[in-house]
Amino acid sequence: MTVAIPAGNEGLIPHLVCDACADAIEFYKKAFGAEEVCRMLAPDGKRVMHASIRINGSAVFLADDFPEYCGGKSQSPQCLGGTPVTIHRYVENCDAAIQRAQEAGATITMPAADMFWGDRYGVVTDPFGHVWSFATHISDPTAEEMAQGAQAAFSQA
């Protein structure tokens, strides 16, 4: 019997346009320990029409850029001049996750630091223009402590 929601795909699934998708899959394997689930090539035999990977058990869908099906407009972050979306991951060791991503080719856009909300937190941009943040929860500040920390952080900006 066919099920409406395939097992392992119950939550929100990011769907990333990558140029080139095959290279992105290999990067995500190296940088984040991704496991490739499937890959379907387009009829041209070159571009990836759909791929699925798992990072820490969570699904991520990927595809090459297909501007010819998007009103002639490219959809990759490089062509759009960036992305307003950040994919966030809690990890056991924020610094190690960021270092692994950097060694695989990501650019550190915010080095890991202890944050007022109780996480050690940092951000990288992958070679395909997608932004990933990493955090390790390190403390449980009160609402008052977080408000004070936010005030101090924003006063320095």
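**Notes on the predicted model**

1. Charge first: the protein carries 10 positive and 19 negative side chains, with the centres of the two sets 9 Å apart. Keep in mind that this is a predicted model.

2. On the overall build, I get four helices and eight strands. Going along the sequence, they come in the pattern β-α-β-β-β-α-β-α-β-β-β-α. The C-alpha trace spans about 55 × 40 × 30 Å along its principal axes.

3. Burial and surface: 36% of the 157 residues count as buried. The accessible surface comes to about 9,400 Å², and carbon and sulfur atoms account for 56% of that. As for contacts between residues at least 6 apart in sequence, 52% of them join residues at least 24 apart.

4. β8 has β5 (residues 86-90) as a parallel partner, paired over five bridges. For a landmark in that pairing, find I87, which stands opposite W132 of β8.

5. β8 also pairs with β7 (residues 119-125), here in the antiparallel sense and over seven bridges.

6. Last, the β7-β8 hairpin. Five residues lie between the two strands, and G129 takes a positive phi near 95 degrees.

Definitions and conventions: Residues are numbered from 1 along each chain as its sequence is written. This is a predicted model: local features need pLDDT of at least 70, side-chain atom pairs count only at pLDDT 80 or more; totals for chains, interfaces and linings use all residues. Side-chain values use heavy atoms; hydrogens and water are left out. Two strands pair if DSSP finds at least two bridges between them. Buried means under 20% relative accessible area, exposed over 50%, partly exposed in between (1.4 Å probe, protein chains only). Contact means heavy atoms within 4.5 Å. Accessible areas come from the Shrake-Rupley method with a 1.4 Å probe; for residues, only the protein chains shown count as cover. Lys and Arg count as positive and Asp and Glu as negative; His and the chain ends are not counted. The place of a charge is taken as NZ of Lys, CZ of Arg, CG of Asp or CD of Glu.
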